[in-house]
Amino acid sequence: MKHWWKALSVLLILYSLIAGLLGSVPALPIVNETIRLLYYHLPMWFAMFTLYLISVIYSIRYLNSGKLEHDHIAVESVNVGIIFCGLGLATGMLWANFTWGDPWPNDAKVNGSAIATLMYLAYLVLRNALEEEQKRAKIGAIYNIFAFPVMIVLMYILPKMTDSLHPGSGGNSGFGEFDLNNSMKLVLYPASLGWILMGLWLTQIRYRIRRLSQRLF
Amino acid sequence: MSTWQQVKHLLLKDMILEWRSKYAINGILLYVVSTIFVCYQAFQSIDPTTWNVLFWIILLFASINAISKSFVQEGAARQLYYYSMVSAKAVILSKILYNSLLMILLTALALVVYTVIFGNPLVDFPLYIVAVFLGSISFASVFTMVSGISVKAGHNMTLMSVLSFPIVIPLLIILIELSNNAINGLPRADSYPEILVLVAINIIAVAVSLLLFPYLWRE
């Protein structure tokens, strides 16, 4: 049973879909029932962050070892991470449209996330600009390591410093203060774990496809 | 030779080369001054917020232009020569220092021309000088590494912009905030967090460059 974590991922996501829609949530003004979006919005960012972290770790390992496998893991983690970032932005826009009245308000957190995505897209562009495999892997790894701290500044430090509408930044309180009887945590944490595992699974599949195509061509 | 001596020699070499040809510096100064004139023709008069943002955007493009040239003159043969003589850390450190000096000169001149042409809405001039000073060093420390990367990808100017803009945006946001404080004349203590973050970003950028450049160079 080495595939247990894939089954766990599917089960956790199914559980979060059902419990997220049926479970009890605190009744708050303005957000009302959209507070349930939390279960589908926040796990995307957890999954994205995990994947970017894996990517930077494997970039560092590549620079030390020179094994192309490490570089393949790094680039596929970024590929899947960008998908999760897009999903996070999409669910965020849906939520923002309801609570803030505008899908794309001029907000530090929203803009920071978008710019961080641009940076990772630039990483992919850089890789495409280089032909030779080892050179591409090395220079890509260098840019990836360079980009990671900037991503943290953009998404987690700057919004805390400036005014932001987003909960948890700009002096706003996070969701934890409203969740008095911990009923939301019972859904949020399993959902996060489920989506993180799903991200790892996607990365694994993409990595294997890349390895296979390397062997074929 | 110790690393510091190597840095000193490389820095002196860069300065002497530049002084002899004056190609990069004259070109870039002319670029800044003509951009300011074009903006003046287009805007005529502007409010303080736009004044500030426009200045930083002009500086951003000028610095990308200036710093993307920093590895161009080092051909493959000369790279090999350096490789046998000095450590990689000395090379990147000397380039960052040289670019910082270049940027400080450039921004100082740009600020003088800009205030003469567009007028001077600044309340707290010393604080604005601090912001401009920190900004030029930050641009230099971030762009030097990125120009090293883009040179390896064949001097691609588009790639240089694509790679460096997202990285420099957080810097730019903090710099514009800090210089807005100077324009509005807020108490100095309100600006300390921004200055602290700028210094921290600089330290991180230089440290990461020092760690990564040896790998980039060995290729």
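Predicted model: local features only at pLDDT ≥ 70, side-chain atom pairs only at ≥ 80, totals over all residues.
Figure 1. Residues are numbered from 1 along each chain as its sequence is written, while chains are lettered from A and ligands numbered from 1 in the order in which they are written. Helices (H or I, at least four residues) and strands (E, at least two) are DSSP runs numbered from the N terminus. With 18 other C-beta atoms within 10 Å, A:Arg210 is partly exposed; a residue counts as buried at 20 or more such atoms within 10 Å of its own C-beta atom, as exposed at 12 or fewer, and as partly exposed in between, with C-beta atoms placed from the backbone. Setting aside residues up to four places away in sequence, A:Arg210 touches A:His72 and A:Glu76, contact being defined as C-beta atoms, placed from the backbone, that lie within 7 Å. A:Glu76 is 134 residues from A:Arg210 in sequence, yet their C-alpha atoms are 8.6 Å apart in space.

**Figure 2. The fold of chain A.** Chain A comprises 6 helices and 0 strands, and its C-alpha atoms fill a box of roughly 55 × 45 × 25 Å along the principal axes. Of the 217 residues of chain A, 40% count as buried, and among contacts with a separation of 6 or more, 75% join residues 24 or more positions apart.

**Figure 3. The largest nonpolar core and A:Met119.** This core, a set of buried Ala, Val, Leu, Ile, Met, Phe, Trp, Tyr and Cys residues joined through C-beta atoms within 7 Å, has 113 residues, and those with the most contacts inside it are A:Met119 and A:Ala147. Helix H2 (residues 38-65) of chain A gives the most to the core, with 16 residues. Apart from neighbours within four places in sequence, A:Met119 is in contact with A:Ala147, A:Val150 and A:Met151, and also with B:Pro166 and B:Ile167 of chain B.

**Figure 4. The contact between chain A and chain B.** The contact takes 23 residues from chain A and 21 residues from chain B. On the side of chain B that touches chain A, helix H6 (125-152), helix H7 (157-184) and helix H8 (192-218) of chain B each supply at least two residues, and H7(B) gives the most, with 8 residues.

Conventions. Contact = placed C-beta atoms within 7 Å.
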